[in-house]
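Q: Please take a close look at one part of this model. I would like to see where it sits and what surrounds it.

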Amino acid sequence: MNEQAAQLAAARRDWQLYHTLSEELLKFISQEDIDEFLSLTQQRTALVERMKKNPQTEAYRKTAECQALIEKIKPLDMQLIYKAKSWLNKSRRQNATVHAYDLTASINPIGNLFNKRY
């Protein structure tokens with residue numbers, strides 16, 4: 001197998017791995033397992049960097065096989081974006097609620113009464 005064929009095979013494997021990682025990302029964001037989601041995001045980012053360095057990635061991308069895979073990836077990416085934004089908004093609301101409670105507790109004179117040392 002010559003180098004170009006090996007690079008094309010690597011590009012094929014990378015696109016399939018990208019698809020698999022996208023499915024896993026969706027699974028973990030749906031379960032709100034953010035640590036695993038972030039770990040997989042880092043893996044997918046590293047994969048994209050590797051794909052950019054492979055000169056055959058674009059050649060493979062033009063194939064019908066890759067186009068069919070991309071059509072499977074697109075809705076996954078849309079769901080990922082939606083769920084990530086939703087989680088981020090929920091997290092922001094929770095943080096704002098906690099922050100508001102902290103402010104209220106520090107202003108509340110009864111709260112201060114219990115925090116005094118006699």
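A: Start with Glu 32, which sits in the loop between helix 1 and helix 2. The model is predicted. Glu 32 has a relative accessible area of 43%, so it is partly exposed: that value falls between the 20% and 50% cut-offs. Its backbone deserves a look too. Most residues other than glycine have a negative phi. Glu 32 has a positive phi, near 60°, and is not a glycine.

Helix 1 covers residues 3-30. Helix 2 covers residues 34-53. Two packed helices are described by the angle between their axes and the distance between the axes. For helix 1 and helix 2, the angle is about 160° and the axes are 9 Å apart. An angle over 145 degrees counts as roughly antiparallel, so helix 1 and helix 2 are roughly antiparallel to each other. Their crossing is left-handed.

Which residues of helix 1 and helix 2 make the contact? From helix 1, they include Asp 14, Trp 15, Leu 17, Tyr 18, Leu 21 and Ile 29. From helix 2, they include Ile 34, Phe 37, Leu 40, Arg 44, Leu 47 and Met 51. By class, this contact has 13 nonpolar, 3 polar and 5 charged residues.

Zoom in on Leu 47 in helix 2. Its relative accessible area is 3%, under the 20% cut-off, so Leu 47 is buried. Leaving out residues up to four places away in sequence, Leu 47 touches Asp 14, Leu 17, Tyr 18 and Leu 21. Take Tyr 18 from that list. Leu 47 and Tyr 18 are 29 residues apart along the chain, yet their C-alpha atoms are separated by 7.3 Å.

Next, the nonpolar core. The largest one has 20 residues. Trp 15, Ile 29, Phe 37 and Leu 80 touch the most other members. Helix 1, helix 2 and helix 4 (64-107) each supply at least two residues of this core. Helix 1 gives the most, with 8 residues.

Not counting residues up to four places away in sequence, Trp 15 touches Met 51, Thr 57, Tyr 60, Arg 61, Cys 66, Leu 69, Ile 70 and Ile 73. One of these, Thr 57, belongs to helix 3 (residues 57-61). At 8% relative accessibility, Thr 57 is under the 20% cut-off and so counts as buried. Beyond its neighbours within four places in sequence, Thr 57 is in contact with Ala 11, Trp 15 and Met 51.

Helix 1 also holds His 19. Is His 19 buried or exposed? It counts as buried, because its relative accessibility of 13% is under 20%. With residues up to four places away set aside, His 19 touches Leu 69, Lys 72, Ile 73 and Leu 76.

Last, step back to the whole protein chain. It has 5 helices and 0 strands. From the N terminus on, the elements run α-α-α-α-α. Buried residues make up 25% of the 118 residues. Residues 24 or more positions apart account for 75% of them.

Note on methods: Residues numbered from 1 in each chain as written. Predicted model: local features only at pLDDT ≥ 70, side-chain atom pairs only at ≥ 80, totals over all residues. Heavy atoms only, no water. Helix = DSSP H or I, 4+ residues; strand = E, 2+ residues; numbered from the N terminus. Buried < 20%, exposed > 50% of the residue type's maximum accessible area, 1.4 Å probe, protein only. Contact = heavy atoms within 4.5 Å. Axes fitted to C-alpha atoms, helices over the stretch in contact; angles between N-to-C directions. Parallel < 35°, antiparallel > 145°, perpendicular 65-115°, else oblique. Left-handed = near helix turned anticlockwise from the far one by under 90°. Nonpolar A, V, L, I, M, F, W, Y, C, P; charged D, E, K, R; others polar. Core = buried A, V, L, I, M, F, W, Y, C linked by side-chain atoms within 4.5 Å.
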